[in-house]
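Have the model open as you read.

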Amino acid sequence: KNLITVGMRGERDSKILGEDATMKDNIDLLKKTITDQKKILAENGLGDAPKVLALYKEVEDYYYGDATAEGLQTWDGISDCTLLLSDDNFANLRTVPSPELKDREAGWGIYYHFDYHGDPISYEWVNSTPITKAWEQLTSAYEYGIRKVWICNVGDIRPVELPLNYFMDLAYDFETWSKPNKTAEYLNAWVSEQFPEFSSDLASRTAKLINDYTRFNGDRRPEATHPSTFSLTCGNEAVTELRRADELKNFADSLYAEIPSSARDKFYGLAYFPAAASANLRRMMILEGIYESVASYKVTLANDLVREIKSCIDTDIELVRRYNEEMSGGKWKFMMSSKHVNFQHWNDEDSVYPSPCEIAIA
């Protein structure tokens, strides 16, 4: 029921002792820190309490060491600590235990992200990790011996209810949900649980909408979608993605029209909003990319695109407003207020809507 975290991290994910310190300096300080922490625990009757050391970001370097310094991996001071590995912050395993360390007594854990605030780019808006990806990565982790501790980062729970539920159910009943090709069955069961008033057909199509939008975002996370992301010249990529976005938005609209009034709020939050808003954002970015490529030619199409882009901006604002202010009587106000448009940095600084200008046509 309880884990005691040992170790220490550098301020703002930096080296513990600053840029002038050597790898050995940092490793030695970390060893002293852990030794002192374990002494304090022992003095308070917690010497045998379960302990975990998170090998996250810069701490991972200290675990492995380098040519100048031996890392923590050979130090017996952490033999009674579960070692918490991490994904790459984007739901991909960075590493798994080597065969000779797979069965270490204190075991291994995984720290897995469904939401991330950090470099190279954050994603904190709507769910953008398909459960099929989570299945692939987490079952791989389990097979390689990462079984002692599973921890996931969800940021705000509301936007990622589905992957959080899946993560917990997979961990609780691994035997059932680890089997190949069970994610579709899981998603259908999850939708039926959330919407017991739906017919089997409506539930099935709702599951399809959720699956479609998570795969859509899994291909390119919303915050990382820019006007230049999809090529206008290679393989008709931008047009293909534009058509895909329109199909997703149209599917969401048609399904929403069938939802009984008693279920519209929860359907809006769990299925319609993330699908429609994600599709609209991608459409906005692709149209802005087309506009930037044709505006200099002073063609009529450029002004048509300006109107389309502004319509996308209005749609985004309205979707967010409905989520925050109308859905469930404003119960989830501000939950969808995260910036999500065309991130220029790792965070939302300088994230703004496109601002195309109409041009004079000769």
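## Holes and a covered strand

The second largest cavity has a volume of about 60 Å³. This is a predicted model, so local features need pLDDT of at least 70 and side-chain atom pairs count only at pLDDT 80 or more, while totals for chains, interfaces and linings use all residues. Residues are numbered from 1 along each chain as its sequence is written, and side-chain values use heavy atoms, with hydrogens and water left out.

A cavity here is a set of points on a 1 Å grid over the protein atoms alone where a 1.4 Å probe fits but cannot get out, and lining residues have an atom within 4 Å of a point. Points are joined across faces, edges and corners, and the volume is the space filled by probe spheres set on them. Searching the whole structure turns up 4 cavities of 30 Å³ or more.

Here's how the two linings split by class (Ala, Val, Leu, Ile, Met, Phe, Trp, Tyr, Cys and Pro are nonpolar; Asp, Glu, Lys and Arg are charged; the others, Gly among them, are polar):

| Cavity | Volume | Lining by class |
|---|---|---|
| Largest | about 140 Å³ | 13 nonpolar, 2 polar, 2 charged residues |

Around the largest cavity sit 17 lining residues, with Arg 158, Pro 159, Tyr 213, Gly 269 and Leu 270 nearest its centre. Two or more lining residues come from each of α4 (161–172), α7 (200–219) and α9 (264–294), and α9 gives the largest share, 4 residues. Helices are DSSP runs of H or I with at least four residues, strands are E runs of at least two, and both are numbered from the N terminus.

The lining of the second largest cavity includes Phe 114, Asp 115, Trp 125 and Pro 159.

Now for the strand. All 6 of the 6 residues of β6 (residues 108–113) are buried, so β6 is largely enclosed by the rest of the structure; buried means under 20% relative accessible area with a 1.4 Å probe, protein chains only. Trp 108, Ile 110 and Tyr 112 cover one side, and Gly 109, Tyr 111 and His 113 are on the other.

What does β6 pair with? Strand β5 (residues 81–86) runs parallel to β6 and is joined to it by 4 bridges, with Leu 83 opposite Trp 108. Strand β7 (residues 149–153) also pairs with β6 in the parallel sense, over 5 bridges, and Ile 151 is the bridge partner of Tyr 111. Pairing takes at least two DSSP bridges.

Methods. On a 1 Å grid over the protein atoms alone, a cavity is a set of points where a 1.4 Å probe fits but cannot get out, and a pocket is an open set with protein on both sides within 12 Å along at least five of seven lines; lining residues have an atom within 4 Å of a point. Buried means under 20% relative accessible area, exposed over 50%, partly exposed in between (1.4 Å probe, protein chains only).
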